[in-house]
Amino acid sequence: MSESGTTGDDHLQSLAWKLRSIVGEDNVLVNEPMSEHTSFEIGGPADLFVIPEDFDEVHDVIDACKQEGVPYFVLGRGSDLLVADEGYRGVIVAVADGLVGVSVDDDEMWCQAGVTLREASEMACELGLSGLEFACGIPGSIGGACFMNAGAYGGCMADVLKNVHVLHQDGHEETIPVDELDLGYRHSRIADEGMVVLSTTFNLDRGDPEKIRETMDELTRRREEKQPLELPSAGSTFKRPEGYFVGKLVTDAGLRGYQVGGAAVSKKHAGFVVNVGGATAADVRAVIAHVQDEVERQFGVRLEPEVRFLG
């Protein structure tokens, strides 16, 4: 969700003690492999991996990192992230592992940042609340979805959000109405200003739970038919260039199935780079770079990664 700081390995030891005093010893992990926290199943160790369990702990953890001059990265579900093979020199603040509260008031649903989109859409369905059907197959967290205005099948976060409660870079919290978030295609003011999403409120509509379920089942069927869900990936690898479809560009460039090491362009959907077994971050980067270069050479279109890189 956000990254900040400067190299400060000398401070890690004292910082680790500070962080344990904030979140408890069990919630501070040392040299934690990031391959266990990303949907790519790729990534070397993070120096410190911290799990805050409430908003105050998020604030205090980030403040401690800043005081020690140690870089930090706020992690959601890692569903759009490629972490370097060398890992991350700093602190991973894993909000998705601790901020998982949900409450419902009439047609509004409040979710903390760590709740997954799948969980939110399932709960909304059970309560007869419509609007989150599009999100039932998106693997990320609520916080990450707000960060990038996640969307699928004609819907996106901007359509259903009422407001987002965030932590600003200067340490103050604010609840921001949706019309002040500058939400666009895979873009938000949240990302631009390095805010940390703490919770969101959705404005949903009353609906028939059976019809909501039918819609979700149909979208799930379409996703399973067209996307390589059987292999680790970070979802769509590239943003959609205006006027084009990524899968068609990559296929027409003759790159379907193109492979480096354990990373390959999916044969099922050429808009995905997948981990076919033992892929390294370097493999994935090599495939992405080759696809970008070939598509630009052949069609004059430079594909922009939707995947985010860390480390």
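This is a predicted model: local features need pLDDT of at least 70, side-chain atom pairs count only at pLDDT 80 or more; totals for chains, interfaces and linings use all residues.
How many nonpolar, polar and charged residues does the lining of the second largest pocket have?

By class, five nonpolar, two polar and six charged residues make up the lining of the second largest pocket. The volume of this pocket is about 170 Å³.

In total, 13 residues line the second largest pocket, and those nearest its centre are Phe147, Met148, Arg186, Lys239 and Arg308. Two or more lining residues come from each of helix H4 (142–148) and helix H6 (189–192).

## Strand E12

Strand E12 spans residues 161–167 and is mostly covered. Of its seven residues, six are buried.

## Partners of strand E12

Strand E14 (residues 196–203) runs antiparallel to E12, and six bridges join the two. Within this pairing, Thr200 of E14 stands opposite Val164.

Strand E13 (residues 173–177) is likewise antiparallel to E12, joined to that strand by five bridges. Here Val164 has Ile176 of E13 as its bridge partner.

## The hairpin turn

Strands E12 and E13 form a hairpin, with five residues lying between them. In the turn, Gly171 has a positive phi of about 100°.

How values were computed. Residues are numbered from 1 along each chain as its sequence is written. Side-chain values use heavy atoms; hydrogens and water are left out. On a 1 Å grid over the protein atoms alone, a cavity is a set of points where a 1.4 Å probe fits but cannot get out, and a pocket is an open set with protein on both sides within 12 Å along at least five of seven lines; lining residues have an atom within 4 Å of a point. Grid points are joined across faces, edges and corners, and a volume is the space filled by probe spheres set on the points. Helices (H or I, at least four residues) and strands (E, at least two) are DSSP runs, numbered from the N terminus. Ala, Val, Leu, Ile, Met, Phe, Trp, Tyr, Cys and Pro count as nonpolar, Asp, Glu, Lys and Arg as charged, and the others, Gly among them, as polar. Buried means under 20% relative accessible area, exposed over 50%, partly exposed in between (1.4 Å probe, protein chains only). Two strands pair if DSSP finds at least two bridges between them.
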